[in-house]
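Hi,

Here is the structure I promised to pass on. Have a look at it first, and then read on for my notes.

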Amino acid sequence: MNFSNRLKELRLASGLSQKELGNLIGSTYSAICYWENGINEPKISYLIALCRVFNVSADYLLGLSDVI
């Protein structure tokens, strides 16, 4: 599974909208949409924020590991 899929899966499992997630990490809903659709990738600062929000490792979020 790749980053886009993992991000969407985690967001939906957490019951967050793209706008809510964007607000939590200081980004926009359109950026979240682009990341989930594989159009863009987040800066490292957003990646760290996403890991903190979902309490997962960067390796898991990036699809490099299946261990949360």
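Which residues of helix H2 (residues 18-25) are buried? They are Gln18, Leu21, Gly22 and Ile25. Do keep in mind that this is a predicted model. Looking down the axis of H2, you will see that its buried residues fall within an arc of 100°, so they line one face of the helix. That buried set packs against H1, helix H3 (29-36) and helix H4 (44-54). On the face turned away from the buried side, H2 carries the exposed residues Lys19, Asn23 and Leu24.

Now to the core. The largest nonpolar core has 17 residues, and those with the most contacts inside it are Leu21, Trp35, Leu50, Phe54 and Leu61. Two or more residues come from each of H1, H2, H3, H4 and helix H5 (58-61), and H4 gives the most, with five residues. Tryptophan 35 is worth a click: leaving aside neighbours within four places in sequence, its contacts include Phe3, Leu7, Ile25, Pro42, Tyr46 and Leu50.

Finally, the start of the chain. Methionine 1 sits in the segment before helix H1 (3-13). Methionine 1 counts as exposed because its relative accessible area is 52%, and the cut-off for exposed is over 50%. Beyond its neighbours within four places in sequence, methionine 1 is in contact with Arg6, Glu9 and Gly63. Methionine 1 and aspartate 59 are 58 residues apart in sequence, and their C-alpha atoms are 11 Å apart in space.

Happy browsing, and all the best

Conventions: Residues are numbered from 1 along each chain as its sequence is written. This is a predicted model: local features need pLDDT of at least 70, side-chain atom pairs count only at pLDDT 80 or more; totals for chains, interfaces and linings use all residues. Side-chain values use heavy atoms; hydrogens and water are left out. Helices (H or I, at least four residues) and strands (E, at least two) are DSSP runs, numbered from the N terminus. Buried means under 20% relative accessible area, exposed over 50%, partly exposed in between (1.4 Å probe, protein chains only). Contact means heavy atoms within 4.5 Å. The arc is that of the directions from the helix axis to the C-beta atoms. A nonpolar core is a set of buried Ala, Val, Leu, Ile, Met, Phe, Trp, Tyr and Cys residues joined through side-chain atoms within 4.5 Å.
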